Amino acid sequence: AVAPWPRAAAAAEPPPRTLHLTLYALTGDAVLYRGLRTIRSEGGRVTVTTEYTLPSGAPVQRTESVYEEASLAPLSHRLHDARSGEEESLVREGEALRLSYRAKGTDAESSATLPHAPGQGFTASVEPLILRQWERLAAGAAVPFRLLVPSRRDSYAFRLQRDEASPLRQPGTRVLRMEPDSWLVRRLVDPLFFVLELQAPHRLREFRGRSSIKTDAGADQDLRIVFSE
């Protein structure tokens, strides 16, 4: 069973934080997309909004995710793809989570309801989970959690762990690997990598792995995302 995550201590609400994202293919230096992410803390909730565009400025995708600041418990999430019309959402309803998805070229929405439980997360809460568990990860421990995937209307067991052998590691950074908790599923699903600064507050520098942005043909794609402020 996944234990509840440590709760953050109450603190004064910081000003909104803005991140600039530059997205590349895993190899090569051609910019495929750009992103602007805003993180706001208010009333015990954190709202993460990301706008993705083509280099020309044409809209690609928008996501907005909300979670409880103290526990990282998910509250809501919505993704809208401007090119395909694809949409996904997550809504917390009491002790249940409603996950919905509408695929490209369809008007029908499919949904499922899952029980809310400690240790669940979604894409927006992975970075704060890393920071909350920094000491455990630095000591070599694996941190398990369940990742909610609205497009699949389900959640999956993942784990975070430091990767000392990663070629992505550079002086002053730590690389963390996120992968399925099951060894069998790990043979089928590629890991995701997060590169963070060793020095506090351990800012995220780079991500590599599966992106929410699909190709023009609608296929999944892996990207390299570089973060700056």
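Is Arg17 buried, partly exposed or exposed? Arg17 is partly exposed, because its relative accessible area is 22%, and the buried class ends under 20%. The model behind this value is predicted. Arg17 returns below as one end of a salt bridge.

## The chain as a whole

The protein chain holds three helices and 15 strands. Its radius of gyration is 17 Å. A compact globule of 229 residues would come near 17 Å, so the two values agree. Along the principal axes, the C-alpha trace spans about 50 × 45 × 45 Å.

How much of the chain is buried? Buried residues account for 43% of the 229.

## Strand 1 and its two partners

Strand 1 covers residues 17–25. Strand 1 pairs with strand 2, residues 31–42, in the antiparallel sense. Eight bridges hold this pairing. Leu19 faces Arg37 of strand 2. Five residues lie between the strands of this hairpin. Gly28 has a positive phi there, near 105 degrees.

Strand 1 also pairs with strand 15. This pairing is antiparallel too, over six bridges. Here Leu23 has Ile225 of strand 15 as its bridge partner.

Strand 7 runs over residues 96–102. How many of its seven residues are buried? Five are, and the strand is mostly covered.

Strand 6 and strand 7 run antiparallel, joined by seven bridges. Val91 is paired with Arg98 of strand 7. The hairpin of these strands has two residues between them. In it, Gly94 takes a positive phi near 65 degrees.

Strand 7 meets strand 8, residues 110–115, through six bridges. These strands run antiparallel as well. Ser100 has Ser111 of strand 8 as its bridge partner.

## Salt bridges across the sequence

The count of salt bridges comes to 21. Three of them are set out here.

| Pair | Closest N and O atoms |
|---|---|
| Glu229 and Arg17 | 3.0 Å |
| Arg83 and Asp216 | 2.7 Å |
| Lys214 and Glu86 | 3.2 Å |

Start with Glu229 and Arg17, whose closest N and O atoms are 3.0 Å apart. The pair links distant parts of the chain, 212 residues apart. Glu229 sits in the segment after strand 15, while Arg17 belongs to strand 1. Glu229 counts as exposed because its relative accessibility is 54%, and exposed means over 50%.

Next come Arg83 and Asp216, at 2.7 Å between the closest N and O atoms. They too link distant parts of the chain, 133 residues apart. Arg83 lies in the loop between strand 5 (74–81) and strand 6 (87–93). Asp216 lies in the loop between strand 14 (204–210) and strand 15. Arg83 is partly exposed, with 33% relative accessibility. Asp216 is exposed, with a relative accessible area of 63%.

Lys214 and Glu86 form the last pair of the table, at 3.2 Å. Why does this pair tie together parts that are 128 residues apart in sequence? Lys214 lies in the loop between strand 14 and strand 15, and Glu86 in the loop between strand 5 and strand 6, so the pair ties those parts together. Lys214 is partly exposed, at 22% relative accessible area. Glu86 counts as buried, because its relative accessibility is 7%, under the 20% limit.

## A nonpolar patch

Which residues make a nonpolar surface patch of about 520 Å²? They are Trp183, Leu184, Val185, Leu188 and Val189. Trp183 is placed in helix 3, which spans residues 183–186. Trp183 counts as exposed, because its relative accessibility is 56%, and exposed means over 50%.

Terms used:
Residues are numbered from 1 along each chain as its sequence is written. This is a predicted model: local features need pLDDT of at least 70, side-chain atom pairs count only at pLDDT 80 or more; totals for chains, interfaces and linings use all residues. Side-chain values use heavy atoms; hydrogens and water are left out. Patches are made of residues with over 30% relative accessible area and no salt bridge: like charges are joined within 9 Å, nonpolar side chains (Val, Leu, Ile, Met, Phe, Trp, Tyr) within 5 Å. Accessible areas come from the Shrake-Rupley method with a 1.4 Å probe; for residues, only the protein chains shown count as cover. A salt bridge is a side-chain nitrogen of Lys or Arg within 4 Å of a carboxyl oxygen of Asp or Glu. Helices (H or I, at least four residues) and strands (E, at least two) are DSSP runs, numbered from the N terminus. Buried means under 20% relative accessible area, exposed over 50%, partly exposed in between (1.4 Å probe, protein chains only). The radius of gyration is taken over C-alpha atoms; the globule rule is 2.2 Å times the number of residues to the power 0.38. Two strands pair if DSSP finds at least two bridges between them.
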